[in-house]
Amino acid sequence: MEKEFDIIIVGARAAGASLAILLGRMGKRVAVIDKAKFPSDTLSTHHMSHLHYLRELGVLQEVEKTGLRKITRMRTYIGESFVEGPRASYTLIPRRKHLDQVLLEKALTYETIVMKEETFVSDLLWEAGQVTGVCTVNKQGESEQITADIVVGADGRNSAIARWVKAEEYHTERPLRPVFYGYYKGVQPLIEPATEIFLNEGRVGFLFPMEEGMDCLGLEIHPEEFKTFTEDPQQVFEQTYRNFYQMETRLKQAELEGKMIFTPGVPNFFRQSFGSGWVLLGDAAHSKDPSTGLGINDAFMQSFLLADAIQRHDQGEKWQELMNQFNEKTDEQLMPGYQLTLDYVHSLRKWTTREKAIFQSIAANPMVWNKIVPLLPDYLKQISPELYGAAEAEAKEFGFDGE
Ligand SMILES: Cc1cc2nc3c(=O)[nH]c(=O)nc-3n(C[C@H](O)[C@H](O)[C@H](O)COP(=O)(O)OP(=O)(O)OC[C@H]3O[C@@H](n4cnc5c(N)ncnc54)[C@H](O)[C@@H]3O)c2cc1C
């Protein structure tokens with residue numbers, strides 16, 4: 001019996017909406033279902049330093065329209081010193097309420113895409129061991145059964161689809177760090193805005209300049225601090241932040257917009273990403289600590305690979321083989337970022353007095369930098385080939401030709 005849709009996508013954000021755009025271009029009949037009412041925020045900051053996917057999805061201009069600042073520099077503070085440099089391309093920090101809405105609106109420009117918002121997917125439909133659709137309940141309490149050839153779970157890290165299909169988890173690691181963040185008006189800006197990272201007492205502070213006069217301020221803290229922070233989140237957050245270099249002064253006129261947002265931590269895992277009649281995408285398939293800000297682009301990358309597999313299936317290639325390749329390729333592309341993220345978070349700690357004091361003194365000494373800079377590439381390669389690889393890739397934009 002012919003199904004109502006080619007594909008049902010559960011979840012309409014980075015993973016789900018980007019896939020819907022790509023499938024819309026192919027003329028696929030798609031139902032996108034989300035329990036949220038859009039535009040809608042979600043638990044996520046939104047540092048995006050690789051914008052080529054937004055360009056390829058045809059939404060970059062629309063995302064930029066609200067006056068987002070184009071951030072071209074990154075600054076890392078160690079105590080009262082910092083290192084700062086240009087990035088190969090600019091960074092945008094669009095609020096999820098805006099980003100997800102732009103993606104969704106783009107998807108809905110294609111006639112074959114149908115959106116069901118405020119609709120909860122409550123179960124899967126099965127036939128002879130194969131997923132054939134979903135059961136839904138909408139805001140009015142009306143139930144419906146919808147069928148499709150493939151159900152895509154783009155329903156986030158607590159994916160119900162993953163639970164129902166019993167997707168195996170691997171490379172799992174417990175949540176490592178609680179995260180607190182909030183939107184602040186009136187933080188005194190740098191003359192030239194930069195993404196600012198504060199490595200302090202084993203915590204990571206991050207200041208993401210969004211629009212003129214509006215920043216996203218965040219903190220990854222030690223797990224044992226979580227309880228104290230939750231007792232009075234704004235007060236403890238701001239008190240901690242004021243200890244960062246110059247932040248006492250820069251926060252004088254600052255005002256929190258809305259509430260502090262927080263999580264005790266994000267689980268780290270990969271999940272088996274396909275089976276009979278189902279596929280997992282985005283955080284549903286792979287989740288990691290947000291300190292490296294990779295999740296949104298990772299979700300886009302998976303959407304492009306899945307759309308490519310679907311297109312090749314239309315051209316006659318075998319689904320099972322395509323899906324094996326999809327699983328392999330996604331894992332292969334996600335693994336370096338996963339390892340770098342876990343390694344980064346595990347190695348965060350308070351600096352010893354000696355480390356901090358020596359760094360402060362060499363930071364201010366050009367003669368030391370003159371000696372150190374030529375040694376840095378090989379030293380980095382030796383202690384972290386992965387970080388060196390990432391640096392080398394970016395260095396090409398600054399004139400390094402591989403020699
Ligand atoms: C604190 C924090 C900070 C972060 N910071 C960054 C950052 O700076 N940069 C970055 O790139 N990434 C960041 N991330 C990661 C990023 O948020 C995720 O990787 C990204 O949101 C994944 O998108 P997704 O579409 O897979 O899932 P989600 O964004 O989680 O969307 C899932 C959707 O599925 C819907 N849904 C779930 N269950 C059902 C159901 N049963 N029925 C109907 N709908 C359902 C939900 O309503 C939701 O809209 C951060 C994450 C956290 C937690």
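Visitor: Which helix gives the most to the shell around the ligand?

Guide: Helix 9 does, with 4 residues; helices here are DSSP runs of H or I with at least four residues, strands are runs of E with at least two, and both are numbered from the N terminus. This is a predicted model, in which local features need pLDDT of at least 70 and side-chain atom pairs count only at pLDDT 80 or more, while totals for chains, interfaces and linings use all residues. Residues are numbered from 1 along each chain as its sequence is written.

Visitor: How many residues surround the ligand?

Guide: A residue is near a molecule if its C-beta atom, placed from the backbone, lies within 6 Å of it. Here 36 residues surround the ligand, the closest being G11, S44, G156, G282 and G295. Helix 1 (14-25), strand 6 (119-127) and helix 9 (295-314) each supply at least two residues of this shell.

Visitor: What span should helix 9 have?

Guide: The expected span is 1.5 Å times one less than the number of residues. The 20 residues of helix 9 should therefore span 28 Å, and its end C-alpha atoms are 29 Å apart, which agrees. G316, which follows helix 9, has a positive phi near 110°.

Visitor: Which residues of helix 9 are buried?

Guide: A residue is buried if 20 or more other C-beta atoms, placed from the backbone, lie within 10 Å of its own. In helix 9 the buried residues include G295, D298, F300 and L306.

Visitor: How do strand 6 and strand 7 run?

Guide: Two strands pair if DSSP finds at least two bridges between them. Strand 6 and strand 7 (residues 130-138) run antiparallel, joined by 8 bridges, and L125 stands opposite G133 in strand 7.

Note on methods:
Buried ≥ 20, exposed ≤ 12 C-beta atoms within 10 Å, placed from the backbone.
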